[in-house]
Amino acid sequence: MKSIMLALLLVTNVCYAQTFPNSLTDGKYYVVNGAKIWTVTVGKGEPLFIIPGGPGNSHISYRAFDSLYQNCMLVYFDPFGTGKSDTAKSIQEYSLERSIEDVEALRIAMGFSNISIIGHSFGSVVAQGYALKYPNHLSHLILSLPIHSAEMWSQFNVNKQIEVFFPEVWDSIMLIRKQGRLSNDPLYQSLIGKIPLAFTYRYNPEGRNNSSNIPYPNRNNNKLALQMAGPDGDFNLTGDLSSFDFRKDLKKLTIPILVMAGRYDKIAPPKWTIQYKEFCPKCEFVFFEKSGHTIFREEPDKTFDIIRVFLKK
């Protein structure tokens with residue numbers, strides 16, 4: 001009898017096991033501002049748009065958010081120029097304004113009257129811009145490792161960290177910069193490639209939910225990133241991102257806002273993220289004490305538990 005009950009239990013678990021859509025095949029295209037945008041939806045309920053970082057990231061690295069499938073409808077999409085979405089004929093088509101307008105056009109195309117948004121890193125820039133321009137269509141705003149201004153973007157301390165911890169690489173970088181090579185130069189990019197990504201982005205390099213090995217087309221568009229930040233963006237921000245500043249306007253927002261910051265974040269350092277308490281005093285602000293720039297991989301349980309509670313507000 002015990003063996004029969006065990007077999008029935010196993011069959012039941014298999015039958016009710018949750019299956020998730022494949023990012024490559026189980027999505028749908030929407031025409032947004034003249035371009036085809038690839039989307040993948042997971043779960044049911046109120047829509048939560050996931051805006052990737054970068055600039056230039058596709059959605060594939062964010063599928064850890066599938067953990068929220070019972071709490072909302074997750075809307076993943078490859079921003080214009082990334083993943084399976086169309087790419088620009090001219091890189092001048094990539095802009096912060098276009099990124100914001102694409103979110104609004106996608107909302108309309110999918111037939112949603114209101115959406116919630118989570119923007120990660122650069123995605124938080126798009127999310128804040130959207131919230132300030134289209135507040136009447138936004139239910140909740142979640143900012144994950146956010147950046148509030150070009151000034152904050154320019155204060156990234158990764159270069160200093162490379163100088164201290166990888167002096168041999170830094171010396172080579174300084175040498176080629178004396179030769180006039182900028183951060184868009186292939187030689188510079190090859191030198192930066194010697195720095196482990198975990199050093200730049202993580203406090204805990206063994207963080208869970210690592211999707212870096214999942215094959216996906218155009219998962220990161222470096223040309224888009226260079227257009228947005230400028231040809232020497234790692235040292236001198238001159239592109240489309242050189243002038244944004246949301247600080248004085250965030251107080252205008254009346255929707256629920258959650259700001260999540262990593263204690264060891266080198267990209268959006270605590271010295272700057274904590275300023276959201278001043279510029280957005282009504283926000284819920286949470287530090288993740290064991291994370292760098294990837295809280296949803298390094299502290300996933302805490303991340304998703306906090307989001308679940310927040311979405312009920």
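Start at Ser121, which is found in the loop between β5 and α3 (122-133). Helices (H or I, at least four residues) and strands (E, at least two) are DSSP runs, numbered from the N terminus. A word on the model: it is predicted, so local features need pLDDT of at least 70 and side-chain atom pairs count only at pLDDT 80 or more, while totals for chains, interfaces and linings use all residues. Residues are numbered from 1 along each chain as its sequence is written, and side-chain values use heavy atoms, with hydrogens and water left out.

Is Ser121 buried or exposed? Ser121 is buried, at a relative accessible area of 8%. Buried means under 20% relative accessible area, exposed over 50%, partly exposed in between (1.4 Å probe, protein chains only). Leaving aside neighbours within four places in sequence, Ser121 is in contact with Gly53, Ser144, Leu145, Ile147, Ile267 and His293. Contact here means heavy atoms within 4.5 Å. From Ser121 to Phe49 is 72 residues in sequence and 14 Å in space, C-alpha to C-alpha.

Phe49 takes us to the cores. A nonpolar core is a set of buried Ala, Val, Leu, Ile, Met, Phe, Trp, Tyr and Cys residues joined through side-chain atoms within 4.5 Å. The largest one has 56 residues, and Phe49, Leu96, Val103, Ile117, Leu141, Phe244 and Ile257 have the most contacts inside it. Apart from that core lies another, of 28 residues, among them Val40, Leu68, Leu145 and Phe296. Thr303 lies in helix α13 (residues 300-311). Thr303 is buried, with a relative accessible area of 0%.

Next, a pocket. On a 1 Å grid over the protein atoms alone, a pocket is an open set of points where a 1.4 Å probe fits, with protein on both sides within 12 Å along at least five of seven lines; lining residues have an atom within 4 Å of a point. The second largest pocket has a volume of about 150 Å³. Grid points are joined across faces, edges and corners, and the volume is the space filled by probe spheres set on the points. Its lining has 13 residues, with Glu46, Asn71, Cys72, His140 and Leu311 nearest the centre. Which elements give two or more residues to that lining? They are β3 (47-51), β5 (115-120), β6 (138-144) and α13.

Last, salt bridges. The rule is a side-chain nitrogen of Lys or Arg within 4 Å of a carboxyl oxygen of Asp or Glu. By this rule there are 14. Arg63 pairs with Asp66, closest N and O atoms 2.9 Å apart, and both residues are buried. Asp102 pairs with Arg98, also at 2.9 Å. Why about one helical turn between them? Because Asp102 and Arg98 are 4 residues apart in helix α2 (residues 96-110). Lys313 pairs with Glu284 at 2.7 Å. Lys313 lies in the segment after α13 and Glu284 in strand β8 (residues 284-288), so this pair ties together parts that are 29 residues apart in sequence. Lys313 is exposed, at 54%, whereas Glu284 is partly exposed, at 26%. Finally, Glu151, Asp245 and Arg247 are linked in a network of salt bridges.
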